[in-house]
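Here is a short briefing on one protein model. Start with the sequence and the structure, then read the points below.

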Amino acid sequence: MDGGTEDQPLAGVPAEITLALPDGQTVRVRLHERRETRGPHPWRYRIGVPSWAATQAGVEAAEYGVWVTSDQLHPIEGVDLSGVPTYRLPPELPPPRSSGWVALPDPKRRGGTVVHEADCRQAGGGGVELGVMEALDALMRPGARACHDCDAAAALKPALELGQGYA
């Protein structure tokens, strides 16, 4: 690991930055980390504000940790902030598929259909999303079957059997 200088801290080491206080004063503080967040302020900054602590031996220098927004911080010219740990949010995941069922052409039988749970790994690549009644109707068609890799067969076949014999 390279040795840092006063203006270029070691990786993961806090860097100096200026904090603007509500009364207009400014204080040099240590920037410990930056975190991307959701909400009105996309970044939060954990800083250490110098303070004093009373001990049995007397008074010692201490640091008060607090989270602030970018509105309150101002960089100091010549101070490199690149060594401060920065944590970004993970990329947005696609919204979950709606719960329900999907009908896809059967890859094993020409003209056949397979009904899957909407989140079945075998259902990737499209298909028509169905409600429960539509999925049951799809299974009653010739050449249709329920997927056994997901719960489609276990959930839908008993419902089909209950309806047998009724017109």
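Residues 24 or more positions apart account for 48% of the contacts in the protein with a separation of 6 or more; a contact means heavy atoms within 4.5 Å. This is a predicted model, in which local features need pLDDT of at least 70, side-chain atom pairs count only at pLDDT 80 or more, and totals for chains, interfaces and linings use all residues. Residues are numbered from 1 along each chain as its sequence is written, and side-chain values use heavy atoms, with hydrogens and water left out.

**Confidence**
- The mean pLDDT (the predictor's confidence in each residue, from 0 to 100) is 82.
- A pLDDT of 70 or more is reached by 84% of the residues.
- Over residues 1-10, pLDDT stays under 50. The model has 13 contacts beyond four places in sequence for this stretch.

**Fold and surface**
- The protein has two helices and 10 strands. These are DSSP runs, numbered from the N terminus: helices are H or I with at least four residues, strands are E with at least two.
- From the N terminus, the order is β-β-β-β-β-β-β-β-β-α-β-α.
- Of the 167 residues, 28% are buried. Buried means under 20% relative accessible area, exposed over 50%, and partly exposed in between (1.4 Å probe, protein chains only).
- The accessible surface is about 11700 Å² (Shrake-Rupley method, 1.4 Å probe), and 53% of it belongs to carbon and sulfur atoms.

**Helix α1**
- Helix α1 spans residues 132-139, and Ala 135, Leu 136, Ala 138 and Leu 139 are buried there.
- Seen down the axis, the buried residues of α1 fall within an arc of 160°, so they line one face of the helix. The arc is taken from the directions from the helix axis to the C-beta atoms.

**Cysteines**
- There are zero disulfides in the structure. A disulfide is a pair of cysteine sulfur atoms within 2.5 Å.
- The closest cysteine sulfur to that of Cys 120 is in Cys 150, at 3.8 Å, too far for a bond. Cys 120 is buried at 8% relative accessible area.
- For Cys 147, the closest cysteine sulfur is also in Cys 150, at 3.9 Å, again too far for a bond. Cys 147 is buried at 4% relative accessibility.

- His 116 lies in strand β8, residues 113-117. His 116 counts as buried because its relative accessibility is 6%.
- Beyond four places in sequence, the contacts of His 116 include Trp 101, Gln 122, Cys 147 and Cys 150.
- Thr 69 sits in the loop between β4 (58-68) and β5 (73-74). Thr 69 is buried, at 13% relative accessibility.
- Beyond four places in sequence, Thr 69 contacts His 41, Trp 43, Arg 44 and Tyr 45.
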